[in-house]
Structures are given as C-alpha cells and as structure tokens.
Amino acid sequence: MSLLVVGSMAFDSIKSPFGEVERVVGGSATYFSLAASYLAPVRLVSVVGRDFPKETIDMLRTRGIDLRGLKIAEGDTFHWKGYYEYDLNIAHTVKTELNVFQDFAPVLPDAYRETPYVFLGNIDPRLQLDILAQIRSPKLVALDTMNFWIEKSPGPLREVIRNVDIVVINEAEIRELTGEFNLVRAARKVMTMGPDRVVVKRGEYGVLHLSDGEIFAAPAYPLETIFDPTGAGDSFAGGFMGYLASRDGAAPTEMDYRLATMYGSAIASFTVEAFSTERLEGLTRDDIATRLEAFLALTRFTV
Ligand code: AMP
C-alpha cells in the first residue's frame, strides 16, 4: 500500500571527525523516501529550489518514487549546516536556511489524498498539520521532529502530535520535548499527548520501541566504518514505515512492529557507511535481507 512522506529536501554541509562535505544532497524526505522505496510505493511532498540537482530528482524517479507532490520553486533549496563530535548521536546545528520552505503551502495532488500510510517527516509542524488535514482517513500516521521545531514552534508541534499514531524521535529530542531524562518516562509522557506508540532513536545504541505495556529494544548494527550519521534517523523511519506499508493493510500486530523496527535498523545501518545518500542509493533487497539475518545472529541466544 502507498506511503506518503512530507519533509525537507536539502543541501547539507557537514563536518564529522571522519571528514567534511559541503552542500551534499540530504533532507528528511530524501532519506526517508529512498529507504522506504525498497519496500513500498512512496509518494513524496516537498519543495526544492532550481539549484537542486536534476540527477537526484531523476534518481528518485528511477527508484519508483512518485514525485507529483514535489514542487520546484524559484529560490534556493533548504540548507542545513551542522557538525558531529565523536559522540555521533548529537547533531550540532550551525545554520538552518529554510529558503524555499519559508512560503511553501503544499496542495496535495488528488491521487495523494487517499494515501493509507503517512509519515510527517522532520519539517515545520504547521506544514505537517497542513498535509494531515488534506488526507482522507489514513490508516496510520507517524511523525518525526527535532530540537529546531521543538523550540521554534511548540504550539503547532503539540497539536500535530495529538493527531498522530506514532512518534519517531531521537533521544535528545524526546528529552527536550518532555522535560524527562528517563526515556521510558519520556515515552509515556508522549503517549499521554495522543499517540499510542513511541519509537526512540538512540544512534549507535539502537532503538527503543514503546507502546502500552510493551517495550522492544533493537541494537544498532556494530559497524567498523561510520562516516556520517546524517540521515540515519530518516532512513530508519523509511524502513520502519516502508515495512508496515508493504503488508496487506490489516492492522499491524506487535510482531509486525518489531519486524518494522528491524527493517528500519537494517536500512539505517547502510546510510551511515557513506556521506549523503550514496550508500542508500545502491542497495538491493538482498543487501537488506542479509543485514536482517546479521541482526538475528547478533541478538540470538539460548537460556
Ligand atoms: P537525521 O536523519 O535525523 O540525521 O536528519 C538529517 C536531515 O535532517 C539532514 O539531511 C538535514 O537536511 C535535515 N534537517 C536538519 N535540520 C532540519 C530542520 N530544521 N527541518 C527539517 N529538516 C532538517
């Protein structure tokens, strides 16, 4: 079944202990849609400026991503500049230039209004609300956000959180959102705001997936080479939602959510092996299946 994503498409300038790149392609919707495209048909909603590379747009189209919701506007593409220290779990923002996102008012193509699975990727919560209002009775809606929006737009963020089923968020951000340091308590607090499931992304420490009465913990795959953690969170979300959308449409069971978490973890583990979308572009279903097997081996034990 189809999966819609709204989020940023960006140029990223990134410094990490392992290298530095200027204005490479990034953005939450870019990483999400690429990751999800290995599992389900994806519909993308975003905006770029005329400076955005045509080759990237062609590459997304080649992966079967529906780009009818992508606007190419006069002006510059969103630009994020950030750095990581040895603790790759924390992205430090140096600069956020919204550019064409400043006046983006998306009108969904008619064909998109019936999409059953929806991911409100990291972007202005007012845009997330706007998109949600245009979709007719979705089956499942998940949302991501980050410190920038928690600080800049807390009212609309609360409002959109109230209306989604799942919040997928990283650990520093759920602490900031809830004022709770303990992640289990923080997740419970988010569940009192509306959603019935919270997925906390913990970088190299993996993922905690919480719902009423259930906790599932997935490790991150222990890689030898990590170049750039940028996009890992969105690739996780793409694999997670992509798997849920790939099923026949019945309500997911707890085990479906667990497998979705492992698909997300497997795909995200490839993203960090190179800068930008380089590694994610060339994956195969076999690569993903092999990494899922490796995850099974990693956590299998007997008592
Ligand atoms: P993550 O997957 O969490 O590492 O997110 C990485 C992506 O988030 C980068 O490619 C950035 O372009 C994008 N990004 C950074 N800041 C923002 C923001 N304020 N709104 C939307 N996207 C952002």
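1. Aromatic pairs. In this predicted model, the count of aromatic pairs comes to eleven. One of them joins Phe 18 and Tyr 86 in an edge-to-face arrangement, with 6.2 Å centre to centre and 85° between the planes. This pair links distant parts of the chain, 68 residues apart. Phe 18 sits in the loop between strand 2 (10-16) and strand 3 (19-26), and Tyr 86 in the loop between strand 6 (78-83) and strand 7 (92-97).

2. Accessibility of that pair. Phe 18 has a relative accessible area of 37% and is therefore partly exposed. Tyr 86, at 66% relative accessibility, counts as exposed because the cut-off for that class is over 50%.

3. A stacked pair between helices. Tyr 243 and Tyr 263 form a stacked aromatic pair, 5.0 Å centre to centre with 5° between the planes. Tyr 243 belongs to helix 8 and Tyr 263 to helix 9, so the pair ties together parts that are 20 residues apart in sequence. Both Tyr 243 and Tyr 263 are buried. Elsewhere, ring pairs link Phe 78, Phe 101 and Phe 104 into a cluster.

4. Packing of helix 8 on helix 9. Two packed helices are described by the angle between their axes and the distance between the axes. For helix 8 (residues 232-246) and helix 9, the axes come within 7 Å and cross at roughly 140°. The crossing of helix 8 past helix 9 is right-handed. On the helix 8 side, the contact is made by Ala 232, Ser 235, Phe 236, Gly 239, Phe 240, Tyr 243 and Leu 244. The residues they meet in helix 9 include Tyr 257, Ala 260, Tyr 263, Gly 264, Ile 267 and Thr 271. By class, the residues of this contact divide into eleven nonpolar, six polar and one charged.

5. The largest core. In soluble globular proteins, nonpolar side chains tend to be buried together. Here the largest nonpolar core has 54 residues, and Phe 240, Met 241 and Leu 244 have the most contacts inside it. Helix 9 (residues 254-271) supplies the largest share of this core, eight residues. A second, separate core has 51 residues, among them Val 21, Trp 80, Tyr 84 and Val 100.

6. Surroundings of Phe 240. What does Phe 240 touch, leaving aside its neighbours within four places in sequence? The contacts are Ile 166, Val 199, His 209, Tyr 257, Ala 260, Thr 261 and Gly 264. Tyr 257, Ala 260, Thr 261 and Gly 264 are also listed on the helix 9 side of the contact with helix 8.

7. Two buried strand residues. Val 167, in strand 10 (residues 166-170), is buried, with a relative accessible area of 1%. Val 167 and Arg 197 are 30 residues apart in sequence, yet 6.6 Å apart in space, C-alpha to C-alpha. Beyond four places in sequence, the contacts of Val 167 are Leu 143, Ile 161, Val 190, Pro 195, Arg 197, Val 198 and Val 199. Leu 44 lies in strand 4 (residues 42-49) and is buried at 0% relative accessible area. Leu 44 is 21 residues from Ile 65 in sequence and 7.1 Å from it in space, C-alpha to C-alpha. Not counting residues up to four places away in sequence, Leu 44 touches Val 5, Met 9, Ala 29, Ser 33, Ile 65, Asp 66, Leu 67, Gly 69, Leu 70 and Tyr 112.

8. Gly 249 is found in the loop between helix 8 and helix 9. Is Gly 249 buried or exposed? Its relative accessible area of 13% is under the 20% cut-off, so Gly 249 is buried. Gly 249 and Glu 171 are 78 residues apart in sequence and 30 Å apart in space, C-alpha to C-alpha.

9. Positive phi values. Two non-glycine residues deserve a look in the backbone: Arg 23, with phi near 50°, and Ser 276, with phi near 55°. Arg 23 lies in strand 3 and, at 38% relative accessibility, counts as partly exposed. Ser 276 is found in the loop between helix 9 and helix 10 (278-281) and is buried, with a relative accessible area of 13%.

Definitions and conventions
Residues are numbered from 1 along each chain as its sequence is written. This is a predicted model: local features need pLDDT of at least 70, side-chain atom pairs count only at pLDDT 80 or more; totals for chains, interfaces and linings use all residues. Side-chain values use heavy atoms; hydrogens and water are left out. A nonpolar core is a set of buried Ala, Val, Leu, Ile, Met, Phe, Trp, Tyr and Cys residues joined through side-chain atoms within 4.5 Å. Buried means under 20% relative accessible area, exposed over 50%, partly exposed in between (1.4 Å probe, protein chains only). Helices (H or I, at least four residues) and strands (E, at least two) are DSSP runs, numbered from the N terminus. Contact means heavy atoms within 4.5 Å. Axes are lines fitted to C-alpha atoms, for helices over the stretch in contact, and angles run from 0 to 180 degrees between N-to-C directions. A crossing is left-handed if the near helix is turned anticlockwise from the far one by less than a right angle, and right-handed if clockwise. Ala, Val, Leu, Ile, Met, Phe, Trp, Tyr, Cys and Pro count as nonpolar, Asp, Glu, Lys and Arg as charged, and the others, Gly among them, as polar. Rings of Phe, Tyr and Trp (its six-membered ring) pair if their centres lie within 6.5 Å; planes under 30 degrees apart count as stacked, over 60 as edge-to-face and the rest as tilted.
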